[in-house]
Amino acid sequence: MLADAGLKWVILGHSERRSLCHESSQVVAEKTVYCLKQGVKVIVCIGETLAQREAGDTSKVVTEQLGEVAKSLGSDASQWKQVVVAYEPVWAIGTGKVATADQAQEVHQTLRSWLSSNTSSEIAQSTRIIYGGSVSAKNCTELASLPDVDGFLVGGASLKPEFADIIKSGSAKDPSSK
């Protein structure tokens, strides 16, 4: 239906779908493959809860979530070019809390390193990994300047005038650095 309607992108694995609809990472991976076969590009959301973060399980949780997609796509760089990974710490969505720049960079770097080890270095470098946890005009420039943050998935702030500032923060990073 999405492809028939002319839509180019879909968001899969968002925290509400994972929690309210009990969508497993395997289901997210299956949907990813299906959408790509239909010509629809995918933003795959991954992220940990506050309890998982406090338990020190962030890396384990996000790499397991991404791992299911990687099992399905393998090392096919052409498929990975149609996928964007969105790190959305569940504890930061709609709470006004945001990962510090160090926390965001650490997780993004972990994901990129994991992709390199489990797919290929080409895929790790070319896959866009974006941040989506309470991005605002106050934190967007610092987050955009991080080496492994390739952009944002913006929720509620996209409905506010400050969204223009978030869009402009994209110029904080040299596009030739990726």
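1. Which residue just after α2 takes a positive phi? Gly39 does, with a value of about 85°. The model under review is predicted, so that local features need pLDDT of at least 70 and side-chain atom pairs count only at pLDDT 80 or more, while totals for chains, interfaces and linings use all residues. Residues are numbered from 1 along each chain as its sequence is written, and side-chain values use heavy atoms, with hydrogens and water left out.

2. On the overall architecture, the protein has 9 helices and 4 strands, where helices (H or I, at least four residues) and strands (E, at least two) are DSSP runs numbered from the N terminus. Read from the N terminus on, the elements follow the order β-α-α-β-α-α-α-β-α-α-β-α-α. The radius of gyration, taken over C-alpha atoms, is 15 Å, close to the 16 Å that the globule rule (2.2 Å times the number of residues to the power 0.38) gives for 178 residues, so the protein is as compact as a globular protein of that length.

3. Along the principal axes, the C-alpha atoms fill a box of roughly 40 × 40 × 35 Å. Of the 178 residues, 43% count as buried, a term that means under 20% relative accessible area, with exposed meaning over 50% and partly exposed in between (1.4 Å probe, protein chains only). Among contacts (heavy atoms within 4.5 Å) with a separation of 6 or more, 68% come from residues 24 or more positions apart.

4. The sheet is open, with 4 strands in the order β1-β2-β3-β4 and parallel pairing, two strands being paired if DSSP finds at least two bridges between them. At its edges lie β1 (9–12) and β4 (128–131), each of which pairs on one side only. Neighbouring strands of this sheet are turned by 25° against each other on average, direction ignored. Helix α6 (residues 101–118) packs on the sheet, where it touches β2, β3 (83–87) and β4, and its direction makes about 160° with that of β4; the axes are lines fitted to C-alpha atoms, for helices over the stretch in contact, and angles run from 0 to 180 degrees between N-to-C directions.

5. Strand β1 pairs with β2 (residues 41–46) in the parallel sense over 4 bridges. Ile11 stands opposite Ile43 in β2, and Leu12 has Val44 in β2 as its bridge partner. The covered face of β1 carries Val10 and Leu12, whereas Trp9 and Ile11 are on the uncovered one.

6. Gln65 belongs to helix α4 and counts as buried because its relative accessibility is 11%. Leaving aside neighbours within four places in sequence, Gln65 is in contact with Arg18, Ser25, Ile46 and Gly47.
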